Amino acid sequence: MIRAFTAVTAEMDDCGQAVDEILSGLLLEGRLLKNSVGVIACHREFVKEGIAQRLAGALAMETAGITTSGLMVNGGLEHMALGVTVLTSDSVAFRALASDSVREGGMKGLEQSLGDLYARSTIGADTRPSLAIMFAPPIGELCGDDFIEAIDGISGGVPLFGAIPLDFGEWSKEPRVICNGRASADSVAVISVFGDIKPCFSVTSISESAVLKRKGVITGAERDVIKYVNGKSALGYMLEAGIFKEQDISGGRIAGSETVLVMVYPMGGTEPLVRNIVGVTEEGFLRCSGRVVEDATIGIGVIGYKDVIHTSGGAMAEMAARGKNCLLAFSCSGRSLALDLDTGAEAKAVSNAVNGALPYMFAYSGGGICPQPDGAGGFKNAYNNSSLVAMTL
């Protein structure tokens, strides 16, 4: 069994006071079991001021996490805060470690770095991990799918849950992966979980009614670029469907594309992979926020305020009803863009849905990592954008 304790602080001016507020909120004395680990989410200022690093030492346990543009611990969204979830157990063991830099070497370099990380994580273990919680940095040459592919190949498909860090809504500033008192822009952190656990997972994006009935087939693709749909340029397909207008396109960008979702249904898959459109080439090819594959069916969805509230609230109510001891949830920042000025609406929907049933931490991210149905009765680790991923333990 895993028990969980959570705490949050908005104190940034006094490092010692911030750490004391977290420790006072956790009330760990006499409650920690044999093995423990901390999951951290915080605004980047808590890294700049050294608070996240100092907290890692004060907790006296291994820690890992991400920077975020907003988080909630047991109610109330905070944009400038630090939250912690401590997992503790007598029967389940944890190990949090970070890789070397994965910025150089492309996919081969990534596989080597994560292979070393996995080897160090499993030293002395009798079995492979039953779960890995992974935090991967946003690096232009790599996408979330690459991290999953590398870990899957090394671990044999250990269930993966986690997120890409965020810096106040943008990847391009100072997003950081946090691990054991160190914050990095180019390292991967993994919490390996060993023992008999039965986690539950959830991936939710938009309602089926928010996906246009018109479907196409990707007839040309390369990594994260959709070249052709039904034999036409991907942009041409979008223009023909009335999703965009010619005047929306300027300088390799498409105005309004942040609320348009590309739903990619791989061959044999029952659940779509959700992608954002991040740019358009001169040839009319669409660059996406994750990998796309040829011969997959493509659907187009539009994410809106009401649908974010409806899907997040419904999914988290279902997760809270499973009778577990802890909930971790990461919402891709693309969902928050649909909320306009009501930035706390999704968090409020999550809080209302959980309704105190179990301790939880909710944070915004640059993309979510979570197992989802593979169409063959099993699950496959997947990377999604504009989605809410959640796990209960």
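This is a predicted model: local features need pLDDT of at least 70, side-chain atom pairs count only at pLDDT 80 or more; totals for chains, interfaces and linings use all residues.

In what order do the 6 strands form the open sheet, and what is the pairing?

Reply: Residues are numbered from 1 along each chain as its sequence is written, and side-chain values use heavy atoms, with hydrogens and water left out.

The open sheet has the strand order 1-5-2-3-9-10, with mixed pairing; two strands pair if DSSP finds at least two bridges between them. Strands (E, at least two residues) and helices (H or I, at least four) are DSSP runs, numbered from the N terminus. Strand 1 (3-9) and strand 10 (182-184) are at the edges with a single partner strand each, so one side of each is left without a neighbour in the sheet. On average, neighbouring strands of this sheet are turned by 15° against each other, direction ignored. Angles run from 0 to 180 degrees between N-to-C directions, and axes are lines fitted to C-alpha atoms, for helices over the stretch in contact.

Arg-182 in strand 10 is the bridge partner of Cys-179.

Helix 1 (residues 15-26) lies across strand 1 and strand 5 (82-89), and runs at about 145° to strand 1.

The axes of helix 1 and helix 3 come within 9 Å and cross at roughly 45°, which makes helix 1 oblique to helix 3. Angles under 35 degrees count as roughly parallel, over 145 as roughly antiparallel, 65 to 115 as roughly perpendicular and the rest as oblique. The contact joins Cys-15, Gly-16, Ala-18, Val-19, Ile-22, Leu-23 and Leu-26 of helix 1 to Ile-51, Arg-54, Leu-55, Ala-58 and Leu-59 of helix 3. The residues of this contact of helix 1 with helix 3 comprise 10 nonpolar, 1 polar and 1 charged; Ala, Val, Leu, Ile, Met, Phe, Trp, Tyr, Cys and Pro count as nonpolar, Asp, Glu, Lys and Arg as charged, and the others, Gly among them, as polar.

Terms used
Contact means heavy atoms within 4.5 Å.
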